Structures are given as structure tokens and as C-alpha cells.
2 protein chains.
Amino acid sequence: MKTFLDCIPCFFYQALNAVRMVTSDEEIQERVLREVLRLVSAMDLTQSPPEMGQKIHRLIREVSGNPDPYAEVKQRFNRLALASYPEMQSKVRASQEPFETAVRLAIAGNVIDFGVNPGLKEEVVRQSIHSALEAPLNWDALKSLQAAIAQSESILYVGDNAGEIVFDRLLIEQIGRQKVTFVVRGSPVINDATMEDARMTGMTDLVEVIDNGSDAPGTILEDCSAEFRQRFKMADMIITKGQGNYETLSQVNRKVFFLFKAKCPVIAEDVGCETGSYIIEVGGFGGEKLR
Amino acid sequence: MKTFLDCIPCFFYQALNAVRMVTSDEEIQERVLREVLRLVSAMDLTQSPPEMGQKIHRLIREVSGNPDPYAEVKQRFNRLALASYPEMQSKVRASQEPFETAVRLAIAGNVIDFGVNPGLKEEVVRQSIHSALEAPLNWDALKSLQAAIAQSESILYVGDNAGEIVFDRLLIEQIGRQKVTFVVRGSPVINDATMEDARMTGMTDLVEVIDNGSDAPGTILEDCSAEFRQRFKMADMIITKGQGNYETLSQVNRKVFFLFKAKCPVIAEDVGCETGSYIIEVGGFGGEKLR
């Protein structure tokens, strides 16, 4: 997905929220915003928004001297999600449609996104779990997702955020753990899940976990490791979570299933839904959108 | 008031809304946003936000080739306010505290601000009239305003937006029309009231109306005409409406009464109130804040 003009105010909003998280020094805050002005001025709008996000958050880490400013946030939401896991697992087990319920909860967990939702409260996550079963869903896409899973032996499941990856466990258990390789970011960016979060939440005990070698808040293939690109090419099926993965892979040269909550109006417009919707989208060339 | 870092995302948001109003050509929209990036990069943050607003809206008028892009909006809200005037006048006449009621309605009319509220619906203005009597008010400031009016012979009443100036009539009738000179902007900027709006709404028949010689969405004294500056200096009392006048005059070297609705979080923070509050603020050097 290209960068829309509406993304420009949002880059500054996100940069300001991020730099305020790492320092209360207004001179540093201003310096970061001026640097973001320079970066955005030079930006090619055919790039996807996470390419700018990557640059902004490299800058935040550089000026703060902190290689992982969201470490505490990530741990906190991993713990919250782990504490909610038994309740969520009971919901899936008690459901007449356990696959659907697991998909819903996996999407509900996508609310844990400090790029779009800085200062997210734990209460919002609990509400998201409670309302997950009521959100309207694209039934055709759900059936298509289920059918593709049944026909696939090797599934690359590209995760998004810390905390959210505990929600992903529910769906991976439905898919069958032996089929799945879970993907985390190569190094910290915003609150995106890395190998550390996969270990903390037990994902590494459940399935093979690999990292993509990149610090972008999405999956910019040319920025990922050759190993990851090979896995991306060879897997029978790709499932990804979150807006950043949709923004970077929706035009890629293979079929991809995208699961996310449409949290910003630009994405909602691109997908053709209301902001806040639960999305199961089949995209990439070879996806149903292009048939 | 200086420009806060939070104003930066908002400049782009406002520029984008404004350029979309004048053209659907995305190339022109992008060109405007890139020019705003250049302007904001070079900006001195000790300037007030309306100094950037002035530059942005000059740019919008230039690229659109339209000297008054908000002409239709201004006329529409003048008409709406004129249609509501008898109802509002009845509210004032029926009130046990007609001065207070007129102040409340004058502040309620400040919702008609296309800088902060692009795409404002007429229904919101009607709701604002209906809820005007219930908003909490600073009683000390109200009494101080009333006392200052009683002691003043010449009052400069600096208006803000088209439509809103009909609401101002109610307060001017309470003040006594012989005391008041009403001030409009020197030429069109956003939906700010100009001489044309003063004529259309009958303000010119009620009191003397002068313009300030500037196209800033506020009152940047050094950008105003010498005539206006002289009137500003000599008047017994200054009353201004709206955020833009507060942002440009809150530090000025004389006492000023500011009436506005705090519509943005930056102003609310500066004043020390909740967003949406009705504000009567005594500012400028000589204002109560500095005693």
C-alpha cells in the first residue's frame, strides 16, 4: 500500500508520541520532529507507511540511546495477555465454532498496537476480548482461510505485536502447531513482537519461531533476510497479522491472508470498511481481490 | 502563545482538509503538503500558530486560484445564524441573567470554526445553541468582564468567524451598541469574518465595523494596519473572540478579555481547562493572570 497524504499528519503524531515516551526534554522532542520533517520532505509516497515508520523509530532509538524503548510496554502486555489466556482458551473450547472464535480473538489481540494506540490502557484489551465474538466478519474470507489451511502443510504465520502473539497461540492451536512457523521482527521497533517476546510468551515452545531480519514495523521483503525471503517464497500459505504487514505485503507477488483490526481511517478506506472493523483479507497477487 | 509541538501534526491535518476543499487533484494536494513541510521546517516555534495558519491559507488560495475558498461556507453559516437569531434573542430576553446568557451564546457561536472543525454540520451549531446555557463558566471572569464593560466608553470587539458574528450581536446589544467598534479580518482566511460578512449579517447597521488589514486567522498586531493598531491601543477595553485571537494576543502588552470555546487540546492545556470548555479569560500583560 502506498503512503496516502493522510499518513503525513499521522507520522508527526506518531513521532511526537514516541519521542515523548523516551524523553521529556522538549529540545530533543523538537529536534526529532524537525528530523521527521526532513525525512517526510524527502519521502517517495509510493513507499508504504512502515518504511517511514522504520526511519522514525530508528531515530527515536538513536536520540534516546535506548535500543528498545517499548521493552516495558511489551512485557506488560505479554503478561496481561498470558493472564487472559486461560479465559480465552475456555472461550474457544466452549465454542461451537472454535476455529472462528480463535480467528476472532487473534484479531481482537491486534488492538495492542502502540503505533496507532499510544498509551493503550489494559482495560481496552479486556474489552476487546469481551466484544470479539460480536464483531461482524467476512464469512467468505473466513471459509477461504479455513480451506487454505486444510490444504497447506507449511504455513508461515507473520506476527505483529507483543501481547498479541499470545492471542495468536489460540489460532495456531486450531491450525495445528506442526504446520506453523511463527515470524517475529528481527529487532525492536515500537511494540512489535521480537524473539524475546516469543520466548516470554511460550511461542518458542509451541512452534518453530524465526525472525525476519528487519526492524521495520511491517514486512518490507527487500529489507528482510535472505533466509526469511526464502521461507516466504516456499511456504504453502502465508498468514499475517496487523496493519503494518498488510501495508507492506498487500501488493506482493503471492497470495497472502491478512488478519487485522482496521484501526486507522486510511487502511479502512483502502480495505473498504469502517474504522474498527475486524478484517480477514485475501490479498497479494494471486489473492481473490485480483481475480 | 507559542507554537507547541502538537501543533505540527495539526498544521498538516488542517492544510490537507483545506486543500481537499479546493481541489480533488491529488497532485496539487501533494504539492501543497510538500510546501507546508518546507514552511514548517523553516518555522520559528516562538511564533504563534496563526502565523503558520496565515501562510498555509495563502498557499491554499494561491494554488486554487480562488481568493475566498470558504465564501460559500461563510454565507451558509451566516444564514443559519441569522435564522437562529430570533430564537437566541428570545433566550436572552427571557433570561434572568441576560448578560450571562448573551456571553454564553457568543461563546457557543465560536463552534463555527472551519480551521478546527472542517466539515462542521449545521446540526452541531444548533446543538451548541441548545447546550449553551448549561456549560460551566468562570464566574469571577464573567463578573470582571461585566464590570470592565460598565467602566468603559470605547470597546473594541474583535470578531472571529462568519456566522459567529450573529451570535456576537446578542452580546453587543447587552454591552450597548454605542460603545462598541466591531473588528473583522482585512481579507479572507478560512471562514473568518470579513467586512462582507459584517454587511450580510447586519453588523454594519448595528455598530461601527473596521477591518484589521491582515489576512491572518488571528490578530498579529505587527501584520495589522497602523489604523487598527492605533484603535487597539486607544480603546478603553478589548474583547476578542476565538482561539486565533487568544493565540496571537494572550501575551500582548495590554489587558484583553478573551471569549472562546477551547476546541483543541493544546489551547485547553495552555488555559488549564478541558477541551470543549467555555472560556472567559483575562489575559495580556495587565490581565489578571499576571497580577
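I190(A) is buried, with 28 other C-beta atoms within 10 Å. Here a residue is buried if 20 or more other C-beta atoms lie within 10 Å of its own, exposed if 12 or fewer, and partly exposed in between, with C-beta atoms placed from the backbone. The structure is a predicted model: local features need pLDDT of at least 70, side-chain atom pairs count only at pLDDT 80 or more, and totals for chains, interfaces and linings use all residues. Residues are numbered from 1 along each chain as its sequence is written, while chains are lettered from A and ligands numbered from 1 in the order in which they are written.

The backbone of I190(A) stands out. Its phi is positive, about 45°, although I190(A) is not a glycine. I190(A) sits in the loop between β2 (180–184) and α9 (195–200) of chain A. Helices (H or I, at least four residues) and strands (E, at least two) are DSSP runs, numbered from the N terminus. In chain B, I190(B) also has a positive phi, near 45°, and is a residue other than glycine. I190(B) is placed in the loop between β2 (180–184) and α9 (195–200) of chain B. I190(B) counts as buried, with 28 C-beta neighbours inside 10 Å.

Chain A is divided into two parts: domain 1 (7–64) and domain 2 (71–290). These bounds come from an automatic or database domain assignment. The C-alpha centres of the two domains of chain A lie 25 Å apart. In chain A, 11 residues of domain 1 are in contact with 13 residues of domain 2. Contact means that the C-beta atoms of two residues, placed from the backbone, lie within 7 Å. On the domain 1 side, the elements that give two or more residues are α1 (7–22) and α3 (49–64) of chain A. The most come from α3(A), with seven residues. This side of domain 1 of chain A divides into three nonpolar, six polar and two charged residues. Ala, Val, Leu, Ile, Met, Phe, Trp, Tyr, Cys and Pro count as nonpolar, Asp, Glu, Lys and Arg as charged, and the others, Gly among them, as polar.

The relation between the chains was examined next. A rotation of 180°, with 0.0 Å of shift along its axis, superposes chain B on chain A (RMSD 0.0 Å). That is the relation of a two-fold axis. In chain B, the C-alpha of P9(B) is nearest the axis, 2.3 Å from it. Both copies use the same surface: 100% of the contact residues of chain B recur in chain A. The superposition is by least squares on the C-alpha atoms of residues with pLDDT of at least 70 in both copies.
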